[in-house]
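Please keep the sequence and the model in view while reading.

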Amino acid sequence: MKADPKGVLTGAHYLDGDHAAAEGALAAGCRFLAGYPITPSTEVAERFAARIPKVGGGVFIQMEDELASMAAILGGAWAGKKSMTVTSGPGFSLMMENLGLGIMMEVPLVLINVQRGGPSTGLPTLPGQADMMQARWGSHGDYEIIAICPSSPQEAFDYMITAFNFSEKYRVPTLVMMDECVGHMTEKVVIPPADEIEITPRKEYTGPPEEYLPYLPDKDMIPWMTKAGDGTRFHTTGLTHDEKGYPVMNADCQETLVRRLVDKIRTNADEIAILEEEEIDGADVVLISYGISSRVAIPAIERARREGLKVGSLRLVTVWPFPETRVRELAKNVKALVIPEMNYGQVYYEIERCAAGNARTVLVPHAGGWVHDVDDIYAGIKEGLK
Amino acid sequence: MTEETTVTEETQDVAHPMDDLLRMDRMPHIWCPTCGLGTVVTALALALGKSGIPLDDIAVVSGIGCTGRVAGYIKVDSFHTTHGRAIPFATGLHLANPKLKVIVVSGDGDLIAIGGNHFIHAARRNVDITVICVNNFIYAMTGGQVAPTTPLTANASTMPYGNFEPPFNIPHLADSCGAAYVARWSSLHVRRMTTAFAEAIATPGFSLVEVVTPCSTLYARRNRLGTGLDLLKFYHDNCEIQHGADTRSLNIDFQGKITLGKFIERPRPTFLDRLDNWYGQVFGDKYEPYVGDRK
């Protein structure tokens, strides 16, 4: 299915990452945004609020807090609109409550976190990448989720569409984990014509309304969805539930449900993975990065190569589900994996786990507030080759 | 077993008049004997049945707690959400599809404590949803803890020597924030409660019906008030109907007089009325109204 041209601002623009993400959402068909202002993410909501009355067929509402914002977009998605919200660290913490409900009810939606320095109020106007594990595990209980890390305004646009498509395909809330640098840097963004934008439609139930079972999984483990008002008169709950969506309080039902919620993502991890690889063949050391850190690493990699070092690069566009297969494989063929991230070790530990002793793993940490010093990443590469 | 209640071959296939409104495959429900919630659900089902609104266009949203389970028993699109968040969830449903008639049914703890912020903002915005707040004066599902509605001196498991926190007056709160319709009934007043539900659903904007209900297992037992039936008798003797009463006068004291009635009915533009009207003024003919053919 192609994008609805009404939401697509075709042409070349000069946009910051936040504005580009809002355009990506509109191009993907998002027509409902409930949000709460928080630096450095607010510009996404501002752009959407300005554009939606002109695009038509949608609503922006500024809710009373992030708890309400997340709850409202769950309602919006169940009413049939592609829905999203946007926030940063402190708001992300509040959204964890209803993110869990979205996972349990299997609601397609997109949540952007423009990461800033933490913990707590931290550095509102400066970048961080320290919510990566919160993205993976922040809501209570066991689940799998999808998280995408754009590294430029163009990617903020492009990957918002991917995020909506993933959320529809797998019926799972999808996280777009930007950071303050990507959110606030302004670059050229090319928005293609609507007929060049591929949209994944909702997996709609089309059978007789009275026979609808809202959580009967298809062969791909994803149940068919209806929306409120379709006549199926379904029930959905945050409680552990059976195929009818009715609460069932026992270990068997819990096992069946949670296992499917995990497996529908985990068994598709290789299909979901978006990876960018460069000069991996014959490399002694591979630098693994995501988000803004991928761009900061480029001069360090180039400097090492000028000195004759064999350095490859693996960029994780999707961080969750973790691209385990590829990292395990890679670890068997190189001496070291070097990981610069703006935290004191989050995605690093996933890489260390997958390397399983086959390659050295070197963390180049940074507490956030500014991007890495290129010299530190270069030193990390040298350290890997020791 | 008396003759009247014996299931025979002739009677077993006779449909219950509420078969189309309730999820009979979920019966029996989880509520205690003499709890008021069954009566509230019956009244709501009656009001929905009489409203003339196609059942496919109705959505019921609940939060967490005893009343949180209401959504699971009414046979419309029904959402059992998180604690306190029924109102913002309902707001999203309504805004994304204004043709839906969205009804929130939840408890006093859910709506007024953890969900209090959402309650006041939905009333302020005049979002077109109906909220039924079932007030049993206590957190019942978790075992009888104090609520923001527990009357002064009443006993609760976390106020073991009696409650010393002043409670909220729910109709006054809704009135102050701009609700379009505010009423209070008890689960003894079945016909009036049913009428109030129908009126609230028919009123555009944020409408609130508080329903005082007995909790025999926790509130009544902890406070030595007898059973739910004794509490209904108490409502019979101590409830006073005063339509249009000043909402400031509606505090509920421990075992004191309870004022019931329809207090507020003042239609005013809803959130979406204002949105469309304002953008119509700003953008002129270029603006395509969001709500379109709703009216």
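In chain A, 5 strands form an open sheet of mixed pairing, in the order β11-β13-β12-β15-β16. Strands here are DSSP runs of E of at least two residues, helices are runs of H or I of at least four residues, and both are numbered from the N terminus. Two strands are said to pair if DSSP finds at least two bridges between them. The edges of the sheet are β11 (275-278) and β16 (360-365) of chain A, each of which pairs on one side only. On average, neighbouring strands of this sheet are turned by 20° against each other, direction ignored; the axes are lines fitted to C-alpha atoms, for helices over the stretch in contact, and angles run from 0 to 180 degrees between N-to-C directions.

Within this sheet, β12 (residues 285-289) and β13 (residues 311-316) of chain A pair in the parallel sense over 5 bridges. A:Val285 has A:Val311 of β13(A) opposite to it.

The model is predicted: local features need pLDDT of at least 70 and side-chain atom pairs count only at pLDDT 80 or more, while totals for chains, interfaces and linings use all residues. Residues are numbered from 1 along each chain as its sequence is written, and chains are lettered from A and ligands numbered from 1 in the order in which they are written.

Chain A also meets chain B: 37 residues of chain A are in contact with 34 residues of chain B, contact meaning that the C-beta atoms, placed from the backbone, lie within 7 Å. On the side of chain A that touches chain B, the elements giving two or more residues are β2 (30-35), β3 (59-62), α3 (66-78), α4 (89-105) and β10 (235-237) of chain A. The largest share, 9 residues, comes from α3(A). By class, this side has 20 nonpolar, 12 polar and 5 charged residues; Ala, Val, Leu, Ile, Met, Phe, Trp, Tyr, Cys and Pro count as nonpolar, Asp, Glu, Lys and Arg as charged, and the others, Gly among them, as polar.

Strand pairing also crosses between the chains. β10(A) is joined by 3 bridges to strand β2 (residues 77-80) of chain B, and the two run parallel. The bridge partner of A:Thr236 in β2(B) is B:Phe79.

Chain B has 9 helices and 8 strands. Its radius of gyration is 20 Å, close to the 19 Å that the globule rule gives for 295 residues, so chain B is as compact as a globular protein of that length; the radius is taken over C-alpha atoms, and the rule is 2.2 Å times the number of residues to the power 0.38.

Note on methods: Contact = placed C-beta atoms within 7 Å.
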